[in-house]
Amino acid sequence: MDLDTIMNKHLSRYFDGSKTITEETLQKLLKFLRSAPTSTNIQPNHFYVLSTREGKEKLAANLGERFADNGEKILNASHTIIMTTRADVPEHHLESVFAKERVDGRFPDLTKQERWEYMTRDFVNLRNYTYKDTHHWMEKQTYMVMGLTMMAAAELGVEAMPLEGFDPVTVDKAFNIRETGHTTTVLLALGYPDEAKQYKTPVSRFEPERLFTFA
Ligand SMILES: Cc1cc2nc3c(=O)[nH]c(=O)nc-3n(C[C@H](O)[C@H](O)[C@H](O)COP(=O)(O)O)c2cc1C
């Protein structure tokens with residue numbers, strides 16, 4: 001991965017509709033995505049990976065009127081991932097996380113696993129009743145998963161573009177997402193850039209003096 005190139009380029013907004021990510025590259029990217037860590041290993045996500053014309057058209061048609069201009073970006077992308085997050089943390093979800101950790105042998109012994117489960121429940125209760133931000137907390141995990149996936153895409157030579165320009169109500173409805181206990185957080189379009197539409201101007205970011213405090 002060439003960090004200098006990533007640092008100095010604009011995010012690709014327009015994709016070359018004739019180029020498709022190979023299945024091998026896609027599977028590598030999804031394997032990486034799956035490995036991304038989340039706080040307390042809560043794993044609050046489900047991902048809809050759209051590659052068919054039908055799937056991408058359904059998403060493009062349901063972005064909401066205000067965001068219709070994002071439709072073209074999705075249609076020309078090779079793949080778009082709808083990143084959804086659990087609306088809450090029901091007991092059955094926690095049980096699934098713990099059962100998988102036990103099967104995978106995450107901890108060297110059962111005492112440590114049980115201690116971990118106690119601490120996880122305590123932390124989730126803190127989000128539910130003290131900070132009252134459970135969904136927001138989980139969506140932060142989704143963004144981190146997305147950021148890591150963007151970096152992995154760069155490593156694989158794939159352009160990744162996050163999209164917040166969509167109406168979650170219409171997207172959720174089109175893909176029956178709320179029925180699963182999730183809601184759409186963000187979209188991630190993947191593909192190869194339309195070079196003719198790619199800005200070659202300098203990127204604009206605040207100076208280091210404004211960003212960093214060293215102590
Ligand atoms: C989380 C996130 C969501 C974004 N959503 C959209 C979007 O819906 N539509 C769009 O055209 N650009 C979107 N962008 C692109 C940003 O507007 C763009 O990256 C930013 O203005 C910086 O510009 P640059 O990448 O050209 O430096 C998004 C970027 C991020 C990081």
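1. A word on terms before we look at the helices: axes are lines fitted to C-alpha atoms, for helices over the stretch in contact, and angles run from 0 to 180 degrees between N-to-C directions. Helices (H or I, at least four residues) and strands (E, at least two) are DSSP runs, numbered from the N terminus. Please keep in mind that this is a predicted model, where local features need pLDDT of at least 70 and side-chain atom pairs count only at pLDDT 80 or more, while totals for chains, interfaces and linings use all residues. Residues are numbered from 1 along each chain as its sequence is written, and side-chain values use heavy atoms, with hydrogens and water left out.

2. Now the overall layout. The protein has nine helices and four strands, and their order along the sequence is α-α-β-α-α-β-α-α-α-β-α-β-α. Its C-alpha atoms fill a box of roughly 60 × 50 × 35 Å, taken along the principal axes.

3. Helix 5 (residues 91–104) packs with helix 6 (residues 110–130) at an angle of about 155 degrees, and their axes are 11 Å apart. The two are therefore roughly antiparallel to each other (the term covers angles over 145 degrees). From helix 5, Glu91, Leu94, Glu95, Phe98, Glu101 and Arg102 meet Leu110, Gln113, Glu114, Trp116, Glu117, Thr120, Arg121 and Val124 of helix 6, contact meaning heavy atoms within 4.5 Å. By class, this contact has five nonpolar, two polar and seven charged residues. Here Ala, Val, Leu, Ile, Met, Phe, Trp, Tyr, Cys and Pro count as nonpolar, Asp, Glu, Lys and Arg as charged, and the others, Gly among them, as polar.

4. Do have a look at helix 2 (residues 23–35) and helix 7 (residues 134–155) too: their axes come within 9 Å and cross at roughly 145 degrees. Leu29, Phe32 and Leu33 in helix 2 meet Val145, Leu148, Thr149, Ala152 and Ala153 in helix 7. The residues of this contact divide into seven nonpolar, one polar and no charged.

5. On to the ligand. Residues around the ligand (a heavy atom within 4 Å) include His10, Arg13, Asn70, Lys73, Glu164 and Arg205. A polar side-chain atom of His10 lies 2.5 Å from an oxygen atom of the ligand. For Lys73, a polar side-chain atom is 2.9 Å from a ligand oxygen atom, and for Asn70 the corresponding distance to an oxygen atom of the ligand is 3.0 Å.

6. Finally, Tyr192 sits in the loop between strand 4 (182–191) and helix 9 (208–211). Tyr192 and Tyr14 are 178 residues apart in sequence, yet 8.5 Å apart in space, C-alpha to C-alpha. Leaving aside neighbours within four places in sequence, the contacts of Tyr192 include Tyr14, Phe15, Asp16, Lys19 and Val158.

Note on methods:
Parallel < 35°, antiparallel > 145°, perpendicular 65-115°, else oblique. Polar contact = N/O pair within 3.5 Å; in protein donor to acceptor, adjacent residues only side chain to side chain.
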